[in-house]
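Please look over the sequence and the 3D structure below before reading on. The briefing that follows takes up the helices, the core, the loops and the aromatic rings in turn.

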Amino acid sequence: MDNFVLPTNLEERLITLAREASSAILDIYNTDFDVETKTDSSPLTLADMAAHKIIVKGLSELTPDIPIISEESVLPEFSERSKWPTYWLVDPLDGTKEFVNRNGEFTVNTVSYTHLTLPTKRIV
């Protein structure tokens with residue numbers, strides 16, 4: 001995992017992923033969607049999961065050797081992830097409460113490329 005090469009035109013490809021996830025989120029925003037509650041009592045919608053699937057699938061294809069931590073997936077044990085010098089950190093829909101309240105104050109998605117605990121690339 002330490003010896004990987006980031007694809008050329010990475011930023012372009014990340015922006016494309018973000019736009020695809022944004023489109024899925026906004027399609028759901030304009031519907032009568034259901035709201036579930038996660039174990040931490042925060043809301044979860046179909047929009048969160050749709051964006052999660054798009055982003056995680058795209059990142060896995062783009063950089064198969066870089067692990068992904070997403071708010072909508074099971075968090076790997078610290079003993080495992082603490083060994084990762086590099087990983088993707090994903091919050092597919094930041095502001096789900098605001099999304100549910102339909103006040104427009106949510107971020108359509110956040111993808112952060114993190115190396116040695118410092119974010120080096122970020123798409124919002």
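The expected span of a helix is 1.5 Å times one less than its number of residues. With that in mind, note that this is a predicted model, in which helix 1 has 20 residues and reaches 28 Å from its first C-alpha to its last, close to the 28 Å expected at 1.5 Å a residue.

- The buried residues of helix 1 are L10, L14, L17, A18, A21, S22, A24, I25, I28 and Y29, and because they cover an arc of only 165° around the axis, they lie on the same side of helix 1.
- An α-helix has 3.6 residues a turn, so residues three or four places apart point the same way.
- On the face of helix 1 that is turned away from its buried side, one finds the exposed residues E12, R19 and D27.

**The nonpolar core**

- In soluble globular proteins, nonpolar side chains tend to be buried together.
- Here the largest nonpolar core has 24 residues, and those with the most contacts inside it are L14, I25, L59, W88 and F99.
- Two or more residues of this core come from each of helix 1 (10-29), helix 2 (46-62), strand 4 (86-91) and strand 5 (110-115), and helix 1 gives the most, with eight residues.
- Leaving aside residues up to four places away in sequence, L59 touches L14, L17, P64, I68, W88, V90 and V111.

**Two loop residues with positive phi**

- S41, although it is not a glycine, has a positive phi of about 75°; S41 lies in the loop between strand 1 (35-37) and strand 2 (43-45), and it counts as exposed because its relative accessibility is 58%.
- R102 is not a glycine either, yet R102 has a positive phi of about 55°; this residue lies in the loop between helix 4 (96-101) and strand 5, and at 38% relative accessibility it counts as partly exposed.

**Aromatic rings**

- A pair of aromatic rings is described by the distance of the centres and the angle of the planes.
- The structure holds five aromatic pairs, and in the pair of W84 and Y87 the ring centres are 6.4 Å apart with the planes at 50°, so this pair is tilted.
- Both W84 and Y87 are buried.
- One aromatic cluster is formed by Y29, F33, F99 and F106, and the charged end of R102 sits over the ring of Y29, 5.8 Å from its centre.

Note on methods: Residues numbered from 1 in each chain as written. Predicted model: local features only at pLDDT ≥ 70, side-chain atom pairs only at ≥ 80, totals over all residues. Heavy atoms only, no water. Core = buried A, V, L, I, M, F, W, Y, C linked by side-chain atoms within 4.5 Å. Buried < 20%, exposed > 50% of the residue type's maximum accessible area, 1.4 Å probe, protein only. Helix = DSSP H or I, 4+ residues; strand = E, 2+ residues; numbered from the N terminus. Contact = heavy atoms within 4.5 Å. Arc of directions from axis to C-beta. Phe/Tyr/Trp six-rings, centres within 6.5 Å; stacked < 30°, edge-to-face > 60°. Lys NZ or Arg CZ within 6 Å of the ring centre and 35° of its normal.
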